[in-house]
Amino acid sequence: MELRTALKKHFGYSAFRPLQEEIVRDALAGRDVFALMPTGGGKSLCFQLPALLREGLTIVISPLISLMKDQVDALQASGVAATFLNSALDGTQARSRLRGLYNGEFHLLYVAPERLMLESFIEKVKEWNVAQIAIDEAHCISEWGHDFRPEYRELVRLREILPNVPIMGLTATATERVRSDILQQLKLRDPQCYVASFDRPNLTYRVVPKSSPYDQLLEFLRTRPNDSGIVYCASRKTADSVAAKLNADRIPAKPYHAGLEADERSRNQEMFLRDDVRVVSATIAFGMGINKPNVRFVVHYDLPKNIESYYQETGRAGRDGLPSDCVLLFSASDVVKQTRFIEEKSESEARIAREQLRQMVHYAETRECRRTTLLRYFAEERPNESCNGCDNCLNPRETFDGTVAAQKFLSCVLRVHQKSGFAFGLNHIVEVLTGADTEPIRQRGHDKISTYGIGSELKRDAWQALGRELLRLGLVEVAPGKFATLQVTEAGRAALRDRTPITLTKQVEKAAAKVKQRAGEIECDEALFEKLRGVRRALADARNLPAYVIFSDVALREMARSYPTTPAEFRRIPGVGEQKLKDFAEPFLFAIADYLQSNPRQSFARLTNYVRAQRRS
């Protein structure tokens, strides 16, 4: 069967996303493949479609039980013979599925790495006709990754156990170091490597100065009364508190973190997937294995520890390609908190953690395009032009001539070092500049140096922001050692000596830092869209499934802009394959016809790139 015909038949799409077709062809040719594609880029289809087009079983290794169920529910709704085996099943269910596997009834099996690598399970696997192994979240195998899982290390044995079975490794986030580690650990043979762009053009990135975080969050949510999303918090206590306050303010919310009983965590996630609650407040430390495509926003209530985690977490927004928001509430006090935690680590760990935190703070405080900053972290460059999808491009921050203030700061770093013979940290430099009367300053005689108190015109947080900007500009650097002390670089000494003009960025006024409402949704008949959401919800509840398994928001919006009234017209909607046409066309066509009896058709000119791509043949 021609690939695009199969794509439309099984998944309802007329065109592949970037790199999907090439990966599918390599998989069908029996090659080992490594694919790095951003969240929402369509990784799953790269092994799901080949599984339907050849004999044998594809084993998908996934670390999260909830994600397995999600994917299998979606596949079964599309008429695909898929199953999973995990601890959530009782004995009868597990035995029934095992029988089906021995009888060759399934195309895909989802399983966790620790179960797959049990000797008793491996013996069973050897008796099945395994055609491919797909390792999802492959970055978990690398100690350099942000989510290392020791059980993934065992997967290296698969090469010996099933020597002739091709392996596909897939991940959404991996630096170059992690990528090479994955290839080595999985022992991929002459693999075809695909690295998609890390850019998520439908996401808008904003950093908002943190003043009253809960009030800021509440104001943001009230501008989006029909949207659902995730709020990431640094602690379990904060996650619990945010959920409780939101419920008190009539915004349905649930917490999600490792401190909850497994049953409660699973129940809270299920309620979010089914749109019974709008918001989940989750700890940064605990990953959420969710496959919900219509997460319209991700808010970071606290500062993430590193850019990789931040990218992964923001990537849970807008998986369906529709416009979605990523908001980071940022304050210098969050940096201080994290620095304290870092100082408790060993010297080597602390050095890495400090560098990761420095990069995260640089992202939060930069005046450069945020998309450019994020992509550069993953060694991807983009044109030096506005992305029209971050606060710095949409509302460029003001700059000022900071030459005198920078000279004061650089001179203070040099004078303090000269007086004591060793370097000091940012906070101490700021206290000297602002003339603080503290025991450490008096004890070291820093109240006697020429730069003591010369910065009283600025507040402490302004000097701290200025110091961090000079770090970004390369005029000061963090000296080697366990503690984050500062020293002036050669470039900084030259700037002082030559009186080089230095342009700095004005701090954003907290009162003015409001999050604007999102624009750019697929234009459609909003009243019909809401009616179709009701139909989708009823069908999903009847089948005990999340609503998006029936159809995505993209599909519903396309229905509400093109008003299909016949099965042939309905089949052209993105996401409508043969099984869904058979199962769901009738109730949606009836709802559209009923709506048109009392409402006129509207016409819409604009299509998003996403929908346009799905319409291409």
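Below are my entries, from the whole chain down to single residues.

**Entry 1: the whole chain.** I began by noting that this is a predicted model. I then looked up the secondary structure and found 28 helices and 17 strands in the protein chain. Next I checked the overall dimensions: the C-alpha trace spans about 85 × 65 × 45 Å along its principal axes. Does the radius of gyration agree or disagree with that of a compact globule? It agrees, because a compact globule of 617 residues would come out near 25 Å and the protein chain has 27 Å.

**Entry 2: charges.** I found 89 positive and 79 negative charges in the protein chain. How far apart are their mean positions? I read off 2 Å.

**Entry 3: aromatic rings.** My search of the whole structure turned up 13 aromatic pairs. One of them joins Tyr102 and Trp128, edge-to-face, at 5.7 Å centre to centre with 75° between the planes. I traced both partners: Tyr102 sits in helix α5 (residues 91-102), while Trp128 lies in the loop between α7 (119-127) and β5 (130-135). They are 26 residues apart, so I wrote this down as a link between distant parts of the chain. Is Trp128 buried or exposed? Trp128 is buried, because its relative accessible area is 6%, under the 20% cut-off. Tyr102 has 39% relative accessibility and therefore counts as partly exposed. Trp128 also pairs with Phe121: the ring centres are 5.8 Å apart and the planes lie at 85°, so this pair is edge-to-face too. Phe121 is buried, as is Trp128. Elsewhere I noted an aromatic cluster made of Phe198, Tyr311, Tyr377 and Phe378.

**Entry 4: helix α25.** I finished with α25, which covers residues 553-562. How many of its 10 residues are buried? I found nine, which leaves the helix mostly covered. Among the buried ones I listed Asp553, Arg557, Glu558 and Arg561, along with Val554, Leu556 and Met559. Just after α25, I spotted Tyr563 with a positive phi of about 50°.

Note on methods. Residues are numbered from 1 along each chain as its sequence is written. This is a predicted model: local features need pLDDT of at least 70, side-chain atom pairs count only at pLDDT 80 or more; totals for chains, interfaces and linings use all residues. Side-chain values use heavy atoms; hydrogens and water are left out. Buried means under 20% relative accessible area, exposed over 50%, partly exposed in between (1.4 Å probe, protein chains only). Helices (H or I, at least four residues) and strands (E, at least two) are DSSP runs, numbered from the N terminus. The radius of gyration is taken over C-alpha atoms; the globule rule is 2.2 Å times the number of residues to the power 0.38. Lys and Arg count as positive and Asp and Glu as negative; His and the chain ends are not counted. The place of a charge is taken as NZ of Lys, CZ of Arg, CG of Asp or CD of Glu. Rings of Phe, Tyr and Trp (its six-membered ring) pair if their centres lie within 6.5 Å; planes under 30 degrees apart count as stacked, over 60 as edge-to-face and the rest as tilted.
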